[in-house]
Amino acid sequence: MLGPSNDYISWDECFMRMAFLIALRSKDPKTKNGAVVVDSKNVVVGLGYNGWPRGIANDALPWDPWDHQGSWVGTKYAYVCHAEENAIYNANAKTEGCTLYCTLFPCNECAKTIIQMGIKEIVFDSDKYHDSDMSLAARQLLDLAGVKYRQYSLEK
């Protein structure tokens, strides 16, 4: 009689791979982010990627991260919904006590949504904006609210 296989991936790897897979739905030509919300039983309750709010055509707004006239409203940042937000908005169950897997460490705006929705842990891959004001503010918010976060990279 055969026993169970020892050749399988961890939950962290499974959900991080899912975050990278859903990120491929993003229409952003420069940055594709994905997020997965998972409950305490390792059941997926929400998926999201970065993009425009529902009902807005993919070519209706600028995808450029820089407006050459210097206006914030001429950039994607004024309009895009982040993957973390979308995963929470798309959740089909309560997110209280859940874990959020995301391809990029959340910004301060997403941190507020994460805290308000009761997510208790964040597992992220990239931390490329670690020293930015947004990341510093996000960490301060998360620390004050008692939300744990840790890096898990698929690249070993």
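**Hairpin, helix pair and a loop glycine**

Strands β1 and β2 form a hairpin with five residues between them. Within the turn, Asn42 has a positive phi of about 65°. The model is predicted. β1 spans residues 34-38 and β2 spans residues 44-49. The two strands pair in the antiparallel sense, over five bridges. Gly34 stands opposite Tyr49 in β2.

Helix packing was examined next. Two packed helices are described by the angle between their axes and the distance between the axes. For helix α3 (residues 108-116) and helix α4 (residues 133-145), the axes come within 8 Å and cross at roughly 20°. Angles under 35 degrees count as roughly parallel, so α3 is roughly parallel to α4. The crossing of α3 and α4 is right-handed. From α3, the contact involves Asn108, Ala111, Lys112, Ile114 and Ile115. These residues meet Met134, Ala137, Ala138, Leu141, Leu142 and Ala145 in α4. By class, the residues of this contact divide into nine nonpolar, one polar and one charged.

Gly97 lies in the loop between α2 (83-89) and β3 (99-104). Its relative accessible area is 39%. Buried means under 20% and exposed means over 50%, so Gly97 is partly exposed. Leaving aside residues up to four places away in sequence, Gly97 touches Gly118 and Lys120. The C-alpha atom of Gly97 is separated by 9.2 Å from that of Val38. Along the chain, Gly97 and Val38 are 59 residues apart. Val38 belongs to β1 (residues 34-38), the strand that pairs with β2.

How values were computed:
Residues are numbered from 1 along each chain as its sequence is written. This is a predicted model: local features need pLDDT of at least 70, side-chain atom pairs count only at pLDDT 80 or more; totals for chains, interfaces and linings use all residues. Side-chain values use heavy atoms; hydrogens and water are left out. Helices (H or I, at least four residues) and strands (E, at least two) are DSSP runs, numbered from the N terminus. Buried means under 20% relative accessible area, exposed over 50%, partly exposed in between (1.4 Å probe, protein chains only). Contact means heavy atoms within 4.5 Å. Axes are lines fitted to C-alpha atoms, for helices over the stretch in contact, and angles run from 0 to 180 degrees between N-to-C directions. Angles under 35 degrees count as roughly parallel, over 145 as roughly antiparallel, 65 to 115 as roughly perpendicular and the rest as oblique. A crossing is left-handed if the near helix is turned anticlockwise from the far one by less than a right angle, and right-handed if clockwise. Ala, Val, Leu, Ile, Met, Phe, Trp, Tyr, Cys and Pro count as nonpolar, Asp, Glu, Lys and Arg as charged, and the others, Gly among them, as polar. Two strands pair if DSSP finds at least two bridges between them.
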